[in-house]
Amino acid sequence: MSLVLPRTALSISEPDSLDHDGVVRFVRALEEYGHRMVWLPEVAGREAFTTAALVLARTDRLIVGNGVARALERVPKSAGSAARDLAAGYPGRYVLGLGVSGAVRERGTGPLPFLRAYLDGIDQVAADVPRVLGAYSEGITKLAANRADGLITFLVPPEHTRWARETAGPDLFLSVVQWAVAGRDRAAARDVARERLAYYLKLPHQIAKLTRLGFTSADLAPPGSDRLVDALVACGTPEQIRESARAQYDAGATQVALTLVGPLDDAKLAAYRALAEEN
């Protein structure tokens, strides 16, 4: 099926550094501002499905997607059962997102055959739950077109979005997570972005992806070149950030999910409010 989700969304990492009550206050504020959907990355600090359950339970309308849950960290039956229960408990408000890194090769298989077999397991318990795959390679992008309802990408310029659209076909739902630093000029935004980017410049699958996109070893050497940061991170006023999002739409994105990089303070909350989709 073709996913029908809000044209704009958020991908929020703030829950990783917030306690239970802090997460509740934060996501309720986002909903109050007018945001309609959040993706929850599973990077550090929080487990994918319990966090999705918390956000769904403590908001009234927010659509929640795991963006993405790490397939290596749980067997298909566990992921599928959790997803099935969330979809049943919150009809129309939950999307399962799955991804796998090159670390799967330590188990003697590649990401594509692993994820293909994983989806076979998901089908046994949660075949009807809407699902997207996190993908950058041609193989998994095509797998998403054949076995999922959509694709989600992260830390990519519009050139990659154009390639993903051409590879996946014209109809597949494609969400692009776009980093942004609000309220800063370009030089200041680079400093903020580099603090967050440092983690990803240590990950082999991210390095491989960015190398395929034409970035050199000099670009990818920590803390990342100006060219790299400027290609991946929007900055400035809400309107300037929206302009960067428009470039992703023009390249073929169905949805752009903004990630505001930087500390959660009053200025960042004001930016979230300013960027809220009008209903």
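**Close-up views of a predicted model**

**View 1. Lysine 209 lies in helix α8 (residues 204-212).** Helices are DSSP runs of H or I with at least four residues, and strands are runs of E with at least two, both numbered from the N terminus. This is a predicted model, in which local features need pLDDT of at least 70 and side-chain atom pairs count only at pLDDT 80 or more, while totals for chains, interfaces and linings use all residues. Residues are numbered from 1 along each chain as its sequence is written, and side-chain values use heavy atoms, with hydrogens and water left out. Lysine 209 touches Tyr136, Phe154, Leu155 and Val156, not counting residues up to four places away in sequence (contact: heavy atoms within 4.5 Å).

**View 2. Arginine 74 forms a salt bridge with glutamate 42.** The closest N and O atoms are 2.8 Å apart (salt bridge: a side-chain nitrogen of Lys or Arg within 4 Å of a carboxyl oxygen of Asp or Glu). This pair links distant parts of the chain, 32 residues apart: arginine 74 is in the loop between β4 (69-70) and α3, and glutamate 42 is in the loop between β2 (37-40) and α2. Both arginine 74 and glutamate 42 are buried (under 20% relative accessible area; exposed is over 50%, partly exposed in between, with a 1.4 Å probe and protein chains only).

**View 3. Arginine 190 and aspartate 226 meet through their side chains in a salt bridge (3.4 Å, N to O).** Arginine 190 belongs to helix α7 (residues 186-200) and aspartate 226 to helix α10 (residues 226-232), 36 residues apart. Arginine 190 counts as buried because its relative accessibility is 18%, whereas aspartate 226, at 37%, is partly exposed. Arg186, Arg190, Arg194, Asp226 and Asp230 are linked in a network of salt bridges.
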